[in-house]
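Colleague: I am new to this structure and would like to understand the terms used for it. Could we go through them with care?

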Amino acid sequence: MQEKGLVHLYHGNGKGKTTAAIGLAVRAAGAGRKIAFMQFMKGNDTSELEVLRRIEGITIFRSDKNFGFYGQMREEEKRELKQIHERLFEQIIEEVQLRKYDMVILDEITYAYQWNLLEPKKLEEWLQKRPGHVEIVMTGRNPAPFLLEQSDYISNIVCERHPFEKGIAARKGIEF
């Protein structure tokens, strides 16, 4: 087991933030570590989930319901999604305290934090007081200053070109 866990942040407008976090999860699982992989905002089935479910040591936490894009959600859907996020995050917090996980991946946390789809103070307190053994990985666009301040590793993934600009839709197994 590692001695001190650090905080990673993959952010920016480029493709690959979640992919980088998943790569780190696979590496950690290969080293015998236990990973909690929580996806905020995403309820649709994505290709990476199929393989992550088969990797010993990785536990997935996410909504079973797809709420779609935030800007298209009704207020009652936002409240429901917030309740789901808070319940799953609380479960992770409890299980980290019991040393069930060595790494916690908070995929798309920047959105949940900014849009109050997870109580911001709860995340702030946990990041500041988390057990020292746990490695934290966060992803998303436009991270709040607090998330930047808490991070030991910060990778800004920049989009220089994307097929979407040419009208090419997202492809299964590549973008989702």
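Modeller: Let me begin with residue classes: Ala, Val, Leu, Ile, Met, Phe, Trp, Tyr, Cys and Pro count as nonpolar, Asp, Glu, Lys and Arg as charged, and the others, Gly among them, as polar. By that scheme, the lining of the largest pocket has 14 nonpolar, 14 polar and 9 charged residues. This is a predicted model, in which local features need pLDDT of at least 70 and side-chain atom pairs count only at pLDDT 80 or more, while totals for chains, interfaces and linings use all residues. Residues are numbered from 1 along each chain as its sequence is written, and side-chain values use heavy atoms, with hydrogens and water left out.

Colleague: What makes a space a pocket, and what makes it a cavity?

Modeller: On a 1 Å grid over the protein atoms alone, a pocket is an open set of points with protein on both sides within 12 Å along at least five of seven lines, a cavity is a set where a 1.4 Å probe fits but cannot get out, and lining residues have an atom within 4 Å of a point. The largest pocket holds about 1300 Å³ of space, and of its 37 lining residues the closest to its centre are Thr-18, Lys-42, Glu-108, Glu-175 and Phe-176. Helix H1 gives the largest share of that lining, 4 residues.

Colleague: How many cavities of 30 Å³ or more does the search find?

Modeller: The search of the whole structure finds 1, and the largest cavity has a volume of about 30 Å³. Among the residues that line the largest cavity are Phe-40, Lys-42, Phe-67 and His-85.

Colleague: Why are H3 and H5 called roughly parallel?

Modeller: Helix H3 (residues 75-97) and helix H5 (residues 120-129) pack at an angle of about 15 degrees, with their axes 12 Å apart. Angles under 35 degrees count as roughly parallel, and H3 and H5 are therefore roughly parallel to each other.

Colleague: Which residues of H3 and H5 meet?

Modeller: With contact meaning heavy atoms within 4.5 Å, Phe-89, Glu-90, Ile-93 and Val-96 in H3 meet Lys-122, Leu-123 and Trp-126 in H5. The residues of this contact divide into 5 nonpolar, no polar and 2 charged.

Conventions: Points joined across faces, edges and corners; volume = space filled by probe spheres on them. Axes fitted to C-alpha atoms, helices over the stretch in contact; angles between N-to-C directions. Helix = DSSP H or I, 4+ residues; strand = E, 2+ residues; numbered from the N terminus. Parallel < 35°, antiparallel > 145°, perpendicular 65-115°, else oblique.
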